[in-house]
Amino acid sequence: MKNRFLLPLILFALPLQAAQEERDATQIVRDAIDHWRGLSSYTEMTMVIHRPDWERSMTMRAWTKGNDQSLVRVIEPKKDRGNGTLIDENSMWTFSPKVNRVIKVPSSMMAQSWMGSDFSNKDIARADDIVDQYEHSIIHCEEVDGITVYDIESIPHEEAAVVWGREVLKIRDDHVVLEHAFYDQDGGLVKKLESLEVGEMGGRTIAKRQRMVKIEKPEEWTEISVNDVEYEIDLKDSVFTLSNLRNPRD
Amino acid sequence: MRLLPVLVRLAWRYLWRNHRRTIIMLSAISVGVWAMIFMTALTRGMVDQMIKDGVSVLPGHVQVHHPLFLDDPSVSNRITIGDAELARAFDTAGFKAWASRVKVPAVIASERESRGVTLLGIDPAAEREFSFVSYDDVEGRFLEGADDNGIVIGRELASKLETEVGKRVVLMSQDPENEIADRGFRVVGLFKANMPAFEESYVFIGKQAAQKMLRIGDTTTEIVFLADDYRNIEPTFKQVSARVDSSLEVSRWYEVDTYLGTMLKVMDGFVLIWVIVIFLALSFGLVNTLVMAVFERVREIGLMLALGMKPASILGQIIIESMLLLAVGLAIGDLLAWATIQPLQGGIDISAVAEGMEMMGASSVLYPKLYLSDMIRANVVVLILGFLASLSPAWRASRYEPVEAITKVG
């Protein structure tokens with residue numbers, strides 16, 4: 001998965017990269033994302049949505065290509081099988097076999113939750129905006145277990161379509177994003193995406209398990225763990241079409 | 001006909017022969033008439049206010065849209081004529097006020113909440129006449145021009161979004177290609193409206209900022225015109241229709257908001273029904289009084305008939321009696337109503353029940369509105385119905401057999 005589609009994942013699971021010389025903050029973020037975008041990827045992951053009185057988990061497959069195409073499809077549990085999301089450039093569609101309809105996600109639904117998780121549709125679809133809609137600066141830099149970790153503060157531009165006052169990313173020198181925190185305009189922490197487990201997979205060091213938590217409701221969270229990942233695979237353009245969203249050919 | 005003055009004089013004297021009964025009847029009529037007019041004025045005032053508020057939110061008495069816009073208010077159904085051309089067509093035409101604006105549904109999001117709103121991209125100078133928002137009664141400031149980059153939202157919305165002046169919010173809508181159009185705006189002001197519902201559902205941004213965000217060049221979705229009075233919009237309507245392309249739809253405010261339009265029509269019927277209902281109650285008293293008056297003077301009537309007065313004159317006399325009674329009662333009632341409404345013109349504070357009123361779309365101060373036409377209508381209805389009600393006792397009186405009547409005991 002290297003697409004803006006799974007932005008949070010992307011940011012967190014940055015592939016290992018050779019140690020860099022001095023870089024500025026924007027470059028650190030851009031490198032991380034660019035590296036992620038690569039040419040293509042295939043991921044199998046499990047998403048656990050936790051609430052105080054229930055919990056459910058979904059296993060999904062995701063394909064990404066270039067920086068603006070991605071497709072996610074649920075394979076488990078059975079009742080959700082076939083539910084999918086397609087992102088192509090700036091548009092997002094969802095498909096549910098139960099109603100047998102492809103629905104284009106309108107702007108009014110972008111702020112709503114994606115598949116019932118703590119991620120919004122916008123988190124999923126517009127992830128790569130992080131590079132150019134913000135002003136980045138390194139606010140802290142420290143050595144942890146021999147790896148340099150940069151704390152990067154990203155402040156959205158005046159006209160950016162971003163509600164946050166600022167975001168703080170902890171990015172390791174090897175491009176693994178350890179934490180992505182969202183602050184409101186009063187400086188209060190609202191939600192946080194944390195990498196709970198970092199490891200090697202598909203030939204790269206990535207965040208294998210990440211959790212999104214809303215600070216006001218710590219007992220509600222969504223966790224995504226990567227089960228399998230392959231990079232730089234050959235994907236046809238026909239994968240990212242509405243007809244493939246509707247009628248899987250894999 | 002020379003009999004008439006005599007009959008009137010006779011009737012007037014009879015009326016005051018039993019002055020206690022007459023005064024009781026008079027007070028019943030006056031109170032009834034007062035109630036008719038006063039209640040009518042109250043409801044009129046309420047509906048007027050609702051319409052005024054409603055029209056001011058619509059806003060605009062005559063509106064021009066793309067024919068599909070009212071059913072599907074999206075930028076795809078916009079008016080494709082640019083602002084410059086519109087200004088050429090309308091600026092010199094002598095309209096009281098006109099404005100073109102971008103009005104589309106949008107979603108506004110803060111860090112914690114997102115809500116559906118109606119986005120109004122306006123030129124504040126042109127909209128001053130239309131706006132339900134007083135530009136001066138704004139916490140912070142109102143938009144300063146069509147190119148203002150800020151956003152003004154309602155107080156109620158601000159508290160729902162947990163945002164405030166100086167913070168940024170994100171507006172999301174769709175461009176003509178159905179792609180997502182979004183942008184961040186800094187809240188520069190919080191407006192106050194009569195009704196919380198307005199504060200929650202409208203947000204204002206500069207027209208040019210809206211056009212840029214929605215990628216629609218210098219086009220807009222709605223052109224509005226103000227007529228002198230919301231009841232008299234036909235001249236403006238004709239003038240506008242003559243000037244716009246036939247591919248656009250020109251509508252009157254009551255066609256855009258059918259609820260308000262219907263309300264206005266229902267009101268006229270309601271006033272009439274109200275007057276009749278009160279009169280029905282009154283008429284029992286009236287008929288009773290007249291019947292009593294007739295019974296009381298059976299012998300007298302018999303004597304008059306015996307002396308040669310025609311039955312028609314007797315009939316006329318009783319009817320004149322009832323008309324005099326009603327006329328005096330109406331005069332007192334009208335005066336009473338006028339005297340009570342006059343000091344209340346400044347508005348009656350009904351904020352105690354404001355919540356319920358808001359559900360109907362009325363605000364919390366009631367301004368009674370006395371229309372001459374309502375007053376005349378009440379008076380005419382009372383006189384006509386009073387005439388009909390007095391026919392029966394009068395007819396009875398005129399049919400007495402003189403001999404029988406004179407000799408009647410009691």
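Modeller: Helices (H or I, at least four residues) and strands (E, at least two) are DSSP runs, numbered from the N terminus, and two strands pair if DSSP finds at least two bridges between them. This is a predicted model, in which local features need pLDDT of at least 70 and side-chain atom pairs count only at pLDDT 80 or more, while totals for chains, interfaces and linings use all residues. Residues are numbered from 1 along each chain as its sequence is written, and chains are lettered from A and ligands numbered from 1 in the order in which they are written.

Biologist: Which strands does strand 6 of chain B pair with?

Modeller: Strand 2 (residues 97–109) of chain B pairs with strand 6 in the antiparallel sense over three bridges, and there Ile108(B) has Leu171(B) as its bridge partner. Strand 7 (residues 180–191) of chain B also runs antiparallel to strand 6, joined by seven bridges, with Arg168(B) opposite Arg186(B).

Biologist: What is the phi of Asn178(B) in that hairpin?

Modeller: Asn178(B) takes a positive phi near 65° in the hairpin of strands 6 and 7 of chain B, which has five residues between the strands.

Biologist: Changing topic, how many residues of chain B are in contact with chain A?

Modeller: There are 19 residues of chain B in contact with 18 residues of chain A, where contact requires C-beta atoms, placed from the backbone, to lie within 7 Å. Strand 6 of chain B gives the most to the side of chain B that touches chain A, with six residues.

Biologist: And where in chain A is Asn100(A)?

Modeller: Asn100(A) is found in the loop between strand 5 (91–96) and strand 6 (101–104) of chain A; although not a glycine, Asn100(A) has a positive phi of about 55°, and Asn100(A) is exposed, with 9 other C-beta atoms within 10 Å.

Biologist: Which residues does the cis peptide bond join?

Modeller: The cis peptide bond joins Glu76(A) and Pro77(A), with omega about -5°, and Pro77(A) lies in the loop between strand 3 (69–76) and strand 4 (84–88) of chain A.

Note on methods. Buried ≥ 20, exposed ≤ 12 C-beta atoms within 10 Å, placed from the backbone. Contact = placed C-beta atoms within 7 Å.
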